[in-house]
Amino acid sequence: MEIKSLASELNTNSYPGRGIVLGKSKDGKNAVIAYFIMGRSVNSRNRIFEENDRGGIRTKAFDESKMEDPSLIIYNPVLKLDGKTIVTNGDQTDTIYDFMKDGHCYRHALLTREFEPDAPNYTPRISGVVKPDGDYVLSILKSNMGKPQCLRYFFEYPATAGMGHFIHTYKCDGDPIPSFEGEPTPVEIDGDIDDFTDMIWTNLNEDNKVSLFTRFINLETGAEETRIINKNK
C-alpha cells in the first residue's frame, strides 16, 4: 500500500464520519493521535469535546435543550491507563479500559462488543490503543456488508517516524451510509501538533465537521501536548 496524504484523504470525502489517526511524528520524538467527529443530524452536530478526569476527553451536548438521544453520541472518546492511551468512537472506550484494568487485552474487550445498533447504517465501532513505546493497535467492528452480523478486524503496527494509520467509520456519504472498507490507510505525519491539528481541521468538510482532538506524547518523557477544536462555541 502507498502512503497517502491525510489532507487528501479528508478533503475528497465529505463524510468519513468519525475518524482515528495514530502514528509517530516525523522527527521520531512523539506518538501522534487524532480523533474527530462529524454529524449530519442536529443531534449529532450538537456536541463538543471537553477534557475528562481520566486523562482524555468526553463528548458533551453543546445545547442541552436540543439533545434528543444521548445513547450513541455521549461517551469518552479518549482515556488513559498505565501509560496507554485508548481512543474509540463510542462507549467501548470504557469497555477496553475496564478489561485492561483487570489485566486483559483490548481484543478480549472488543469480543464482547459489536457495531452500533443504528440500523440500517450499523455504524462500525473503531478503536485504537497507543502503547508507551509508541506502537499502536487499531480495530473495527462492522456489519457483514450491511447484514446484522458482526465482523471483527484487528491490526497491529510498529511506530514508524513520519507515518500513521487512518481508520474511519464510513467509506463515504450515502443512505444508508456505507461502512469503511479494507485496512486502515497509511498516511504521512508531518509538522508539529499545531500544524497537524490545523491540517486536519482545515480539510474536514465544513458543513459536517463537529470536533477534533489531537495529542502528541513525547516518547522519552511522557509529556503530552493536547489540542481540542469545537465548531460549536
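Predicted model: local features only at pLDDT ≥ 70, side-chain atom pairs only at ≥ 80, totals over all residues.
Me: How many bridges join β2 to β12?
Reply: There are 9, and the two strands run antiparallel. Within β12, Leu212 is the residue opposite Phe36.

Me: Now β10. How many of its residues are buried?
Reply: 6 of 6, across residues 163–168. Both faces are covered. Met163, His165 and Ile167 are buried on one side. Gly164, Phe166 and His168 are buried on the other.

Me: What about its pairing with β1?
Reply: β1 and β10 are antiparallel over 5 bridges. Gly164 in β10 has Gly23 opposite.

Me: And how many bridges join it to β11?
Reply: 4 bridges, again antiparallel, with β11 covering residues 185–188. There, Thr185 of β11 faces Phe166.

Me: What does Ile167 touch?
Reply: Leaving out residues up to four places away in sequence, Ile167 contacts Arg18, Gly19, Ile20, Ile126, Leu138, Ser139, Ile140, Phe180 and Pro184.

Me: Switching to the largest nonpolar core. Which residues touch the most other members?
Reply: Ile167 again, along with Ile20, Leu22, Ile33, Tyr35 and Val87. That core has 23 residues.

Me: Which strands supply at least two residues of it?
Reply: β1 (19–24), β2 (30–38), β7 (125–130), β8 (136–144), β9 (147–157) and β12 (209–218) each do. The largest share, 4 residues, comes from β2.

Me: What lies apart from it?
Reply: Another core, of 20 residues. Val32, Phe36, Leu204 and Phe216 are among them. As a general point, nonpolar side chains in soluble globular proteins tend to be buried together.

Me: Let's do α5. Which of its residues are buried?
Reply: In this helix, residues 193–203, the buried ones are Ile193, Phe196, Thr197, Ile200, Trp201 and Asn203. In general, an α-helix has 3.6 residues a turn, so residues three or four places apart point the same way.

Me: What do those buried residues pack against?
Reply: Against α1 (6–11), plus strands β1, β2, β12 and β13 (224–230).

Me: What caps its N-terminal end?
Reply: Asp192 does. One of the side-chain oxygens of Asp192 is 3.1 Å from the backbone nitrogen of Asp194.

Me: Last topic, Thr59. Where is its place?
Reply: In strand β4, residues 57–61.

Me: Is Thr59 buried or exposed?
Reply: Buried, because its relative accessibility is 3% and the cut-off for buried is under 20%.

Me: What lies 2.7 Å from a polar atom of its side chain?
Reply: The backbone oxygen of Ile73.

Me: Which residues does Thr59 touch?
Reply: Ile48, Phe49, Ile73, Ile74, Tyr75 and Pro77, not counting residues up to four places away in sequence.

Definitions and conventions:
Residues numbered from 1 in each chain as written. Heavy atoms only, no water. Buried < 20%, exposed > 50% of the residue type's maximum accessible area, 1.4 Å probe, protein only. Polar contact = N/O pair within 3.5 Å; in protein donor to acceptor, adjacent residues only side chain to side chain. Contact = heavy atoms within 4.5 Å. Core = buried A, V, L, I, M, F, W, Y, C linked by side-chain atoms within 4.5 Å. Pairing = 2+ DSSP bridges.
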